[in-house]
Amino acid sequence: MDSHQESRLQRPATRAARLSAIEQALMSHIVTSQSQLSTILADEGIDVTQATLSRDLDEINAGKARLADGTMAYALEPAEADRDPALDEQRDHVDAMARAEQQLSKVLSGLVVSVAHAHNLIVVHTPSGAAQYVASVIDRQPLDAILGSIAGDDTVMLVCAEDDIARDFSQWMLGVASRAK
């Protein structure tokens, strides 16, 4: 039994959840039209009108950008246009870790004091006041294995989909933090 498929993300019917779902869809799919985006959202149980979708895209600063193959697609920022569409199509655990390492290494290398895991949980200690920032950066990564985070002042708790993923991700985070100069 694959727990990745069982633990499908559920969102409340709020504006903030809808905006988050739009951002996630734009990061994980090549979206060339509002109609396509509406279909992706509908598959997640989010029904939205075209007018609302237009306002939402404007609010999160999403616009069309030209991809390397010439296709025009929605992106959150100009750098998103440089993404490799093949990687967006077939994300697996290893690919997500590689992208996350690139995006997280600067943050983690300066802000992670210690890392521990127990079962499917990871506890990350940071300097005072840095935990919410670290959690926010991790939450924004397309890591299907990380279900979410809770942050206090100097501690972040990450909930992983499986025990072995928590072990691997905590070791990865410790390795990234250890490379700090």
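**Entry 1: Asp144**

I began with Asp144, which sits in the loop between helix 7 and strand 5. Helices here are DSSP runs of H or I with at least four residues, strands are runs of E with at least two, and both are numbered from the N terminus. The model is a predicted one, where local features need pLDDT of at least 70, side-chain atom pairs count only at pLDDT 80 or more, and totals for chains, interfaces and linings use all residues. I number residues from 1 along each chain as its sequence is written, and side-chain values use heavy atoms, with hydrogens and water left out.

Is Asp144 buried or exposed? Asp144 is exposed, at 61% relative accessible area. My cut-offs: buried is under 20% relative accessible area, exposed is over 50%, and partly exposed is in between, with a 1.4 Å probe and protein chains only. I also checked Asp144 against Ala161: they are 17 residues apart along the chain, and their C-alpha atoms are separated by 8.0 Å.

**Entry 2: the whole chain**

Next I stepped back. I count eight helices and six strands in the protein chain. From the N terminus on, the order reads α-α-α-α-β-β-α-α-β-β-α-β-β-α. The protein chain has 181 residues, and 38% of them count as buried. For contacts (heavy atoms within 4.5 Å), I looked at those with a separation of 6 or more: 55% come from residues 24 or more positions apart.

**Entry 3: the sheet**

What is the strand order in the open sheet of four strands? I read 3-4-6-5, with antiparallel pairing. Two strands pair if DSSP finds at least two bridges between them. Strand 3 and strand 5 (146-151) are at the edges with a single partner strand each, so one side of each has no neighbour in the sheet. From one strand to the next, the twist averages 20°.

I then followed strand 4. Strand 3 (residues 114-118) pairs with strand 4 over five bridges, in the antiparallel sense. Val115 has Val124 of strand 4 as its bridge partner, and Ala116 has Val123. The hairpin of strand 3 and strand 4 has two residues between the strands, and His119 there takes a positive phi near 55°. Strand 4 is also joined to strand 6 (residues 155-160) by five bridges, again antiparallel. Val124 has Val156 of strand 6 as its bridge partner.

In a regular strand, side chains alternate between the two faces of the sheet.

I looked up which strands helix 7 (residues 131-139) lies across. They are strand 5 and strand 6, and helix 7 runs at about 165° to strand 5. For such angles, axes are lines fitted to C-alpha atoms (for helices, over the stretch in contact), and values run from 0 to 180 degrees between N-to-C directions. Ala131, Val134, Ala135, Val137 and Ile138 of helix 7 are buried. Seen down the axis, the buried residues fall within an arc of 160°, so they line one face of helix 7. The arc is taken from the directions from the helix axis to the C-beta atoms.

Helix 8 (residues 163-178) lies across strand 3, strand 4, strand 5 and strand 6, and runs at about 170° to strand 3.

Helix 2 (residues 15-28) and helix 4 (residues 50-59) pack at about 75°, with their axes 10 Å apart. That makes the two helices roughly perpendicular, a label for angles of 65 to 115 degrees. Arg18, Leu19 and Ile22 of helix 2 are among the residues making the contact, as are Leu53 and Leu57 of helix 4.

In helix 3 (residues 34-43), I found Gln34, Leu37, Ile40 and Leu41 buried. Their arc around the axis is only 115°, which puts them on the same side of helix 3. The face turned away from the buried side carries the exposed residues Ser35 and Asp43. What covers the buried residues of helix 3? The cover includes helix 2, helix 4 and strand 2 (72-75). After helix 3 comes Gly45, with a positive phi near 85°.

Methods: Parallel < 35°, antiparallel > 145°, perpendicular 65-115°, else oblique.
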